[in-house]
Amino acid sequence: MPFEDQLQDLYNAFRGSGIECKFNHPMADHTSFRIGGQAALCVWPASRAQLIQVLTFWRDMGQKCPICVLGKASNVLFPDNGYRGLVVLTTRAKRVVFEEDEAPDKEEFRNSHVFCQVYAECGASLSGLAWTCQDASRGLSGLEFAYGIPGTVGGATVMNAGAFGSEMERILVSSEYYDLSNGRVVRLTDREMELSYRHSVYLEHPEWIVLSSVMTLSYGYAPDISAATKANMDSRSSKQPLNYPSAGSVFKRPVNDYAGRMVENVGLKGVSVGGAQVSEKHAGFIVNTGGATAADVIALVRLVRAEVERVYHYRLECEIRLISDGLDPNQDTEW
Ligand SMILES: Cc1cc2nc3c(=O)[nH]c(=O)nc-3n(C[C@H](O)[C@H](O)[C@H](O)COP(=O)(O)OP(=O)(O)OC[C@H]3O[C@@H](n4cnc5c(N)ncnc54)[C@H](O)[C@@H]3O)c2cc1C
């Protein structure tokens, strides 16, 4: 079946089920880098159930177009020439359930110093959840580090997002995924997720789509939780170039050093390729100073890696995920 007909069939199926979708959607409007060409077809499932429906429609097509599942696209570089396939954006599948909401006697439950499990659909905002938890009406500790990380719970599970000495690994107890290869829904325990520094088993299985995650948080003294959450955000604002579009830290942290320090030491702070610049505020970030293309960012990343390798004999590893244009059978490609 011709490519256009495959997409039209998917479009019809989505619209028939009341799921919002659009042809030729400009991804630069969606990515935190403000970079990226058009997605041939973009779909916004509004719940876990709709996400399963979308993935099942795609699976049921005889000849399958490429598929790419993204949360807030805050850790990706999306190609300039767009994506020749289906892009699934999860941000509307964002239901969150606190275990305590189910408790028969909330007051008694709150004073018992037990933990609280939180269930979140993959598209729930991580930072939004952290903000809810620090509120005096919740007083839940564990997500102080996450306030200001502009991703979804699903993206944070896949990336094992972290900051300020903590990470998702500390609070995740399980997650469930839809397996694109066989249509099954499977739950993984924390151990099975193989979480380590900016890594989970999901990065090795692009065919596993995270549907939801369960986290364990603990009750604490709300003013302290709130103060810690806000202090972390203040620290971000003072150190990170939040006034420019970016995808956060470009490189993983080397053992016993910082990527930003190495980049600064080799004299590349402030260096630009086109509209992409090694941030003058934090050399671990590449920012879009206006009109940057994915090609600019890639060229700058290669320049930085080559220079750091020449001086330090160390090859920086990229944290940001490079999305292929859909013509490549592998969804994510190497830098
Ligand atoms: C200003 C700024 C600050 C940041 N600070 C931090 C920080 O302190 N710590 C940190 O760890 N990160 C940080 N990041 C990076 C980013 O926000 C995190 O990695 C975040 O967890 C990514 O979530 P996302 O929803 O945007 O994922 P996306 O960028 O949409 O996706 C990331 C990867 O996960 C995959 N993916 C997304 N959702 C799913 C799903 N449901 N199922 C399967 N695969 C999926 C995508 O295909 C992609 O490979 C920062 C980014 C910015 C712009």
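Author: A residue is called buried if 20 or more other C-beta atoms lie within 10 Å of its own, exposed if 12 or fewer, and partly exposed in between, with C-beta atoms placed from the backbone. The model is predicted: local features need pLDDT of at least 70, side-chain atom pairs count only at pLDDT 80 or more, and totals for chains, interfaces and linings use all residues. Residue numbers run from 1 along each chain as its sequence is written.

Reader: Is V185 buried, exposed or partly exposed, and why?

Author: V185 is partly exposed, because it has 14 C-beta neighbours inside 10 Å. V185 belongs to strand β12, residues 185-189; strands (E, at least two residues) and helices (H or I, at least four) are DSSP runs, numbered from the N terminus.

Reader: What does V185 touch, leaving out residues up to four places away in sequence?

Author: V185 touches E176, Y178 and L211, where contact requires C-beta atoms, placed from the backbone, within 7 Å. From E144, V185 is 41 residues away in sequence and 30 Å away in space, C-alpha to C-alpha.

Reader: Turning to the ligand, which residues come nearest?

Author: G71, G151, G154, G155 and G248 come nearest, out of 33 residues around the ligand. A residue is counted as near if its C-beta atom, placed from the backbone, lies within 6 Å.

Reader: Which element gives the most to that shell?

Author: Helix α6 does, with five residues. At least two residues each come from β3 (67-70), α6 (153-159), β9 (162-163), β13 (208-219) and β14 (246-249).

Reader: And how does the shell divide by class?

Author: It has 17 nonpolar, 13 polar and three charged residues. Ala, Val, Leu, Ile, Met, Phe, Trp, Tyr, Cys and Pro count as nonpolar, Asp, Glu, Lys and Arg as charged, and the others, Gly among them, as polar.

Reader: Into which domains is the chain divided?

Author: The division is into domain 1 (3-93), domain 2 (96-229) and domain 3 (251-318), with bounds from an automatic or database domain assignment. The contact between domain 1 and domain 2 takes 17 residues from domain 1 and 15 residues from domain 2. Helix α2 (residues 48-60) gives the most to the domain 1 side, with six residues. That side of domain 1 has five nonpolar, eight polar and four charged residues.

Reader: Which residues of helix α5 are buried?

Author: In α5 (residues 126-134), the buried residues are L126, S127, L129, A130, C133 and Q134. They lie on the same side of α5, because they cover an arc of only 160 degrees around the axis; the arc is that of the directions from the helix axis to the C-beta atoms. Among the elements they pack against are β6 (96-98), β7 (115-121) and α7 (222-239).

Reader: What is the phi of N160?

Author: N160 has a positive phi of about 45 degrees, although it is not a glycine. N160 sits in the loop between α6 and β9, and counts as buried because it has 21 C-beta neighbours inside 10 Å.

Reader: Is H313 buried or exposed?

Author: H313 is exposed, with 7 other C-beta atoms within 10 Å. Its phi is also positive, about 55 degrees, and H313 is not a glycine. H313 is in the loop between α9 (294-312) and β18 (321-323).

Terms used:
Two residues are in contact if their C-beta atoms, placed from the backbone, lie within 7 Å.
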